[in-house]
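Please keep the structure open while reading.

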Amino acid sequence: MLIPGPDTRVVELRVHGVQGTTAQSLVDAVAAVDVAGDGLGRLVRPADRLRRPAPGPVLQAGGRPVPRVVEGYVWGRMTSGGWAKATWALLFPFSLANVAHWMLPPVPERNLPAHLLGICLRALLRLAALLLTALLVTQLAVISLDLVAAQCLAPGSACLLGQDWAHRVPWVRAVVGMLPVALAVLVLHRVSSVDWRIERPASAPTAPSVLPGAHVATDPDTPSLRVLHLVAALGTGAVIALGGPLRSLAAPGWHGAAIEVCRLLAVALVGLAALGAMLLDDPTGGAPHRGGRWLRAALSAGPRRVLHAAAWAVFAAAMALLTRLPARLPGADEGVQLVAALLTLVCLLFGVLLAPAALLARRTWSELPRELRPWAGGWMAAPVLALAALVGGGFGAGIALTLRRLLGHGALPRGYDYIALLWGVAGVLALLSALAVAATTGMVRWSSLRRGKEWAREAALLHTGRTRDLRAAARAWWWARWERHHSHHVVLIGAAVLVVGAVPASLLRLREVDPPAWARPVAALGVVVLAVLAIGLLRAVYLAARRPDSARRLGVLADLAAFWPREAHPVVPPCYALKVVPELVARVREHLADPGARVVLAGHSQGSLLAAVAAARLLEQLPPADAARLGLVTAGAQLQWAYSRAFPAVVPHASLAALAGGLGGRWRALCRGTDPLGGAVTTWRRQVFNGVLLGAGFRADGTSGALPPATTGPTGALVLGGDHWLPDPQRGPFPGRRWAPGVSGHADYTADPEWDRAVAIAAGLEGVTPAPPVLPTAREGGLTLPRPSDLTP
């Protein structure tokens, strides 16, 4: 630990979590002003009455006051606010497919089968993502080309107030049907082209790293993948318009020949895009000698522009050839069914190949305790991809079914009847699953209370002598623990429900059997479910664009999904981590240029991941003398229970151990057992024995293993290793401190008096005195919780 001098000061750089926050709440001030940034990434400080940056509250450390500067990095505008960002919610299936790429299991070194499986899995993911784009365009073509242009605007139709002029003027119906598809492609192009401008970027590590987030980098193949998706979208629209993937529209003479040639060109463009997406590899660009280098050269800036222009030319030619539309568009039904069948096949193949890949990667986590191993044994990417495919298909079908009901006219492709049956079965199964989960949860809770099971013994230590607080804390601990342990099971159940619902619908469709009479109520329920899905999502987007509060609530999913760079799908929100992390690193280096400054990165919730990745980058770049003045505080973090288990190749447990060792005890994690979103970060296998909290975790010397017993801090927190377990409800009130009654859960970590102590330890100004070892006897089993009747409200 460095000895503080008279010129020592602490810079506390805070990073907020999901849902955004205000600058004032981030720095705990009545007013705040910007001191750096570009408006999207804002660096703020507390302000005085004249709107000038003010110093932060003095930090009491080592028995003396130390000056402290409080800064905050506000990044909420990158994921919420305005129509452009709100429409990203409509593309959420694309984000799910992109997230699935980062959930793939790690590839063990010098393991050829695992390496080949990794290549195949990434190729299948990119192909599935391309098919999702094609499915979106196909379903839009069903609505605009078939339902509206071909049927509602047909001669003699009573739909849309009987507008007979549409069939008398050439190309009117074609323009009405093709223009929405063209606008959708332009929107996809605009969304995929949005990127963040980085202020004062920091240098990236040159050697492979074992620290968290080492692979979170910009993919040099993203521009190529973007063009391939746009080409596939334009080609798919042209194919559907000209008759479908199997046959062309009938036309006499040269007109029919031109339609056939244009359709074949469109099919060739779609096939070329699919092949190119599968062959693109090497996300970080670190191995240019691989076999895909010729494809990367072929898709450089010039060829990409030519390919993009050719796709638009084919699309325009298809529109020009549609002088007259038939009463029904035959390609709509074939296109939807073919794309859906291919997407289903790719998802099944992906799930099959992911199983051996997860088994081969198992040796990288087999020695870890069960609660630290990846979810679903490393197979979690498969249900996430299945959800992306089924939700994407369901959203388009829901809009089509709702629009047909509003128009009161027209017929949809036959495949939509089976989609309605799928979602009807899924709706019934979802209701039954929800009832089963609720009944099981209620029985487990009732049984634990009746038997007096001591599942909240840590709470008894934190609230000794305060019966009311213990009663409230015990209830909150139970529910928070249930949510942390079973949140991934909800995703698995949702995917299983949709997959099971797809089985009868697929079997009936393959046998060309109409849904039986007894299934009609189920199909009707499916129509209602799809309509609710479509209308609810569109309403959420509208509210998100018009009301900032709704935008922040909707931004939760965007915040979580947009952390990951574009890999499998390019039409997703830009990765804010690629902007936030370099700017945090640059700001910390600027502060560390002052020899008397010590910088503590403090992250809450999702901000904990950003702060941890930034700290890892700094440890790789800073000289040892400067790295010794860097600390990290995480609060309400999901690093252990969620990120290391959902993304085992990007945030593995070993990377957290390396980060803890690099910081040498200057990583402090604030936790609450009542927090359903945050949990322990540096410790595991905790148990109360003989009135003392024991456990294993990261040690200050970089090793892992059994830790000294937990100590009780001056504010009542239990400190075990690097984790500070806070009493919730808070003790107090304390003079000069903000205080709130009741259970805080995931909020207001900075209001706890233990926050300042954790910052002082992370800054190297204080240390944690280990407790003397406790030798429990065989007869002493720990604390006894109150009777079950005392825990009931």
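The model is predicted, so local features need pLDDT of at least 70 and side-chain atom pairs pLDDT 80 or more, while totals for chains, interfaces and linings use all residues. Residues are numbered from 1 along each chain as its sequence is written, and side-chain values use heavy atoms, without hydrogens and water.

The patch consists of Val428, Leu431, Leu432, Leu435, Leu525, Val528 and Val532, with about 620 Å² of accessible area together (Shrake-Rupley method, 1.4 Å probe, only the protein chains shown counting as cover for residues). Patch residues have over 30% relative accessible area and no salt bridge, a side-chain nitrogen of Lys or Arg within 4 Å of a carboxyl oxygen of Asp or Glu; nonpolar side chains (Val, Leu, Ile, Met, Phe, Trp, Tyr) are joined within 5 Å, like charges within 9 Å. Helix 13 (415–450) and helix 16 (520–546) each supply at least two of the residues.

Helix 23 (residues 754–762) is largely enclosed by the rest of the structure, because nine of its nine residues are buried (under 20% relative accessible area; exposed is over 50%, partly exposed in between; 1.4 Å probe, protein chains only). Just after helix 23, Gly764 has a positive phi of about 80°.

Aromatic pairs number 12 (ring centres of Phe, Tyr and Trp, its six-membered ring, within 6.5 Å; planes under 30 degrees apart are stacked, over 60 edge-to-face, the rest tilted). Phe563 and Trp564 pair edge-to-face, at 4.8 Å centre to centre and 85° between planes. Both Phe563 and Trp564 are buried.

Note on methods:
Helices (H or I, at least four residues) and strands (E, at least two) are DSSP runs, numbered from the N terminus.
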